[in-house]
Amino acid sequence: MSSKRRTGRGNGTNRNRAHTSRPTPAFRPSGPPPPDTCVEQARECEKLAERHPEDREELLLEAADAWRDAGEYDHAVAVYERLLDPQSGGCAEPDLVDAFRIGTLWDAGRGEEARAAAAAFRLRHPGDAGAWNFVAEAVEAFDGAAAAAEWYTAGVTHVLGAGAPVTVEAVERDPQHFDVETLVVGRHRVRRLLGEPHDDWDEAADALHERRSSLVPGRVRPLDELHDPLWAKRLAEEGPEAFEDDLGELADRLAAVGSAGRGPSGRPLVRASCVLYWPREEFAALLERWPKAAEAYGDDHAGHLRQVERTLRDLSEEGAPRLAVGRAALAELEAYAESSHGSPDTPGTRSAYAAELARTGRAAAWPPPRNGPCWCGSGRKYKKCCGNPAAV
């Protein structure tokens, strides 16, 4: 199970603040460091936590991550238990930290302890949708789809309330709507693997997926196709080359969003697909000058961030071999539109502008390294920011 599933969410809590008053461990930006380096990082974080109690929770979470990266799962469990111990200071989000601990117990080969801890978690009836996601993913990885389906269902029920309708509107108006949507979509995935018939919740998952995939022009691949167990198995075993027809469709869909080459059969194959990201000030300027852009991007910048990440993940699942994020600027878009005799107010012009960013090397490859800076420019690690599954 991927260690990024137990990283903290980009939700504005203390552990995600930018700190300048203390030294911080140096993390390598190009992929996971070797185990010895991870051990050094873990120990350094634990020492810093003693010297800087105001940052204790953030530093201990970093220490637990480093212990996990080193494969020292028992050490990571011990750190999580320190965070959960009220006598040692406790933590701001005990349900979330407990979810990290449960997954790590499984990684450590302590399955019976993990199941007992998960049962205790469920008996507390927590309302943290992100924590439910992490435990459900751990159950899916170690106990299979049938057990996970119960956990995803229980998570939605506990967050929205027993008997509450699970509709697009109910999910989107919940304060934790992105985490709740992840639960609903996760439930759809495992039920699809089990061959279960669609129910009302699955219909809601389909509609939510269609809404958030609308950034990319053309046909949106339904969740039933993305979660098709045979399609997923074949993609995992044979890679994107096994789906040349699908990639041809993707090339047509993304012809104006990225740059394309041609395969041996002459069919266009996507070489690099670029999705536009509008930084906060540029996003506000775009909507003020070209209000129709809200039809593609929405009017909420936080929602736009998540839409970009989810679009990239969907494209990756569909087999796009190379993906990128283009940092958009209104002045650049308007200059491009003028030179190409287009209008910044049309999706086609914006997509062509994204393609130009990719063609001229002004787009960042996606995904960035797990411990590298996030593509959004927040200054946080990707795994702690947009790359965190619970934040998407």
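1. Asp74 has a relative accessible area of 47%, so Asp74 counts as partly exposed. The classes are buried (under 20% relative accessible area), exposed (over 50%) and partly exposed in between, with a 1.4 Å probe and protein chains only. The model is predicted: local features need pLDDT of at least 70, side-chain atom pairs count only at pLDDT 80 or more, and totals for chains, interfaces and linings use all residues. Residues are numbered from 1 along each chain as its sequence is written, and side-chain values use heavy atoms, leaving out hydrogens and water.

2. What does Asp74 pair with? Arg110 forms a salt bridge with Asp74, and their closest N and O atoms are 2.9 Å apart. A salt bridge here is a side-chain nitrogen of Lys or Arg within 4 Å of a carboxyl oxygen of Asp or Glu. This pair links distant parts of the chain, 36 residues apart. Asp74 sits in helix H3 (residues 73-84), while Arg110 is in the loop between H4 and helix H5 (111-123). Helices are DSSP runs (H or I, at least four residues), numbered from the N terminus. Arg110 is partly exposed because its relative accessibility is 23%.

3. Arg68 and Asp107 form another salt bridge, with the closest N and O atoms 2.8 Å apart. Arg68 lies in helix H2 (residues 56-69) and Asp107 in helix H4 (residues 94-107). The two are 39 residues apart, and the pair links distant parts of the chain. Are they buried or exposed? Arg68 and Asp107 are both buried.

4. Glu112 forms a salt bridge with Arg115, at 3.2 Å between the closest N and O atoms. Both lie in helix H5, 3 residues apart, or about one turn of the helix. Glu112 is exposed, at 61% relative accessible area. Arg115 is partly exposed, at 33%. Elsewhere, salt bridges that share partners join Glu81, Asp95, Asp98, Arg101 and Arg124 into one network. The count comes to 25 salt bridges.

5. Now the helix packing. Helix H17 (residues 330-339) packs with helix H18 (residues 347-359) at an angle of about 105 degrees, their axes 10 Å apart. That makes H17 roughly perpendicular to H18, a class that covers 65 to 115 degrees. Axes are lines fitted to C-alpha atoms over the stretch in contact, and angles run from 0 to 180 degrees between N-to-C directions.

6. Which residues of H17 meet H18? They are Glu332, Leu333, Tyr336 and Ala337. Their partners in H18 include Arg350, Tyr353 and Leu357. Contact means heavy atoms within 4.5 Å.

Note on methods: Parallel < 35°, antiparallel > 145°, perpendicular 65-115°, else oblique.
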